[in-house]
Amino acid sequence: MREALEEIFNIKITDEDLFKKALTHPSFTKENNLNSLDNYERLEFFGDAVLKLAISEKLIKKYPKSHEGELTKIRSILISDATLSKIAEKINITDLIVLGTHAEKAGERKRSSINACVFEALLGAFYLDGKQKEIIDFLNNIFEDYILDIKNNMAKYNAKEVLQEYTQSKTKEVPQYKLIEEIGPAHEPKFKMEVLYQNRVLATAIGTSKKDAEQKCAYEACKKLGVINE
């Protein structure tokens, strides 16, 4: 575990116990009658704050002329479970998570919310391990491409708001989103949604969460209506 994390983050670890906790899912401590303080929850709480501070500092320095509202939108996308889970999978920390037997069998290792929590817990662990500068540098590097993509394609990531502003400008009505069906196993569900406006289906889409599917629906609808040009 130690060697794998040091290679992934390129940061030396001092207090190995912190990182064992950061990788331990609550199902493992509960199943083995261990202290609940020995799982990732406290470190995830702290790591969330570390992440928000690091991303906020990077954004405010990178975009000195951007208003608070725009920076808030970019940050909310960056620190979402969807983005953090992608990063966790990209750097291969998902295989290091320690799960309870039942959770493992249920496929919880693939759940995006768990991967996001573990990623944040590891950030907290590195910070408390005295590696503040190193972990901030890591975050600055790994989030760079995501920041540029979001900044350059904000309409895509903010399509629900764009669509709502468009429909309200036309008729003061807001689009409605409807779940059509849930697809796949319980541990890795996908959601098929549709967006309706004036009782007409504008678009359908599938996402890894209802929110993700709604955003994709809105984006497709905006393209169809000519509100967003690719």
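This is a predicted model: local features need pLDDT of at least 70, side-chain atom pairs count only at pLDDT 80 or more; totals for chains, interfaces and linings use all residues.
The protein has 230 residues, and 41% of them count as buried. Its secondary structure comprises 13 helices and 3 strands. Along the principal axes, the C-alpha atoms fill a box of roughly 60 × 45 × 25 Å. Contacts with a sequence separation of 6 or more were also examined. Of these, 55% join residues 24 or more positions apart.

Two packed helices are described by the angle between their axes and the distance between the axes. Helix α4 spans residues 41–62, and helix α8 spans residues 112–128. Their axes come within 7 Å and cross at roughly 80°. The range for roughly perpendicular is 65 to 115 degrees, and α4 and α8 are therefore roughly perpendicular to each other. On the α4 side, the contact involves L43, E44, F46, G47, D48, V50 and L51. These meet C117, E120, A121, L123, G124, A125, Y127 and L128 of α8. By class, the residues of this contact are 10 nonpolar, 2 polar and 3 charged.

The axes of α8 and α9 also come within 7 Å, with a crossing angle of roughly 145°. Here α8 contributes F119, L123, F126 and Y127. Their partners in α9 are Q132, I135, F138 and L139. This contact has 7 nonpolar residues, 1 polar residue and no charged residue. L123 and Y127 of α8 are listed in the contact with α4 and also in the contact with α9.

L128 lies in helix α8. Its relative accessibility is 49%, so L128 counts as partly exposed. Beyond neighbours within four places in sequence, L128 is in contact with L18, L43 and F46. L43 and F46 belong to the α4 side of the α4–α8 contact. L196 is 68 residues from L128 along the chain, and the two C-alpha atoms are separated by 48 Å.

Helix α6 covers residues 81–90, and its buried residues are T83, L84, S85, I87 and A88. These buried residues pack against α4, α5, α8, α9 and α10. Among those partners, α5 spans 68–78, α9 spans 132–142 and α10 spans 144–152. Just after α6, N92 takes a positive phi of about 65°.

I150 is placed in helix α10. With a relative accessible area of 2%, I150 is buried. Leaving aside neighbours within four places in sequence, I150 is in contact with I74, I77, L78 and Y157. I150 and L78 are 72 residues apart along the chain, yet their C-alpha atoms are separated by 8.3 Å.

The largest pocket has a volume of about 1300 Å³. It is lined by 39 residues, of which A82, T83, T208, S209 and D212 are the closest to its centre. T83 is also one of the buried residues of α6. Several elements each supply at least two lining residues: α5, α6, α8, α10, α11, α12, β2 and α13. The lining divides into 8 nonpolar, 13 polar and 18 charged residues.

N158 sits in the loop between α11 and α12. N158 counts as buried because its relative accessibility is 18%, and the cut-off for buried is under 20%. Apart from neighbours within four places in sequence, N158 is in contact with K73 and Q215.

Backbone geometry was examined at two further loop positions. Most residues other than glycine have a negative phi. N10, in contrast, has a positive phi near 55°. N10 lies in the loop between α1 (2–9) and α2 (16–22). At 70% relative accessibility, N10 counts as exposed. Q198 likewise has a positive phi, near 55°. The position of Q198 is in the loop between β2 and β3, the latter spanning 200–207. Q198 is partly exposed, with a relative accessible area of 45%.

Key
Residues are numbered from 1 along each chain as its sequence is written. Side-chain values use heavy atoms; hydrogens and water are left out. Axes are lines fitted to C-alpha atoms, for helices over the stretch in contact, and angles run from 0 to 180 degrees between N-to-C directions. Helices (H or I, at least four residues) and strands (E, at least two) are DSSP runs, numbered from the N terminus. Angles under 35 degrees count as roughly parallel, over 145 as roughly antiparallel, 65 to 115 as roughly perpendicular and the rest as oblique. Contact means heavy atoms within 4.5 Å. Ala, Val, Leu, Ile, Met, Phe, Trp, Tyr, Cys and Pro count as nonpolar, Asp, Glu, Lys and Arg as charged, and the others, Gly among them, as polar. Buried means under 20% relative accessible area, exposed over 50%, partly exposed in between (1.4 Å probe, protein chains only). On a 1 Å grid over the protein atoms alone, a cavity is a set of points where a 1.4 Å probe fits but cannot get out, and a pocket is an open set with protein on both sides within 12 Å along at least five of seven lines; lining residues have an atom within 4 Å of a point. Grid points are joined across faces, edges and corners, and a volume is the space filled by probe spheres set on the points.
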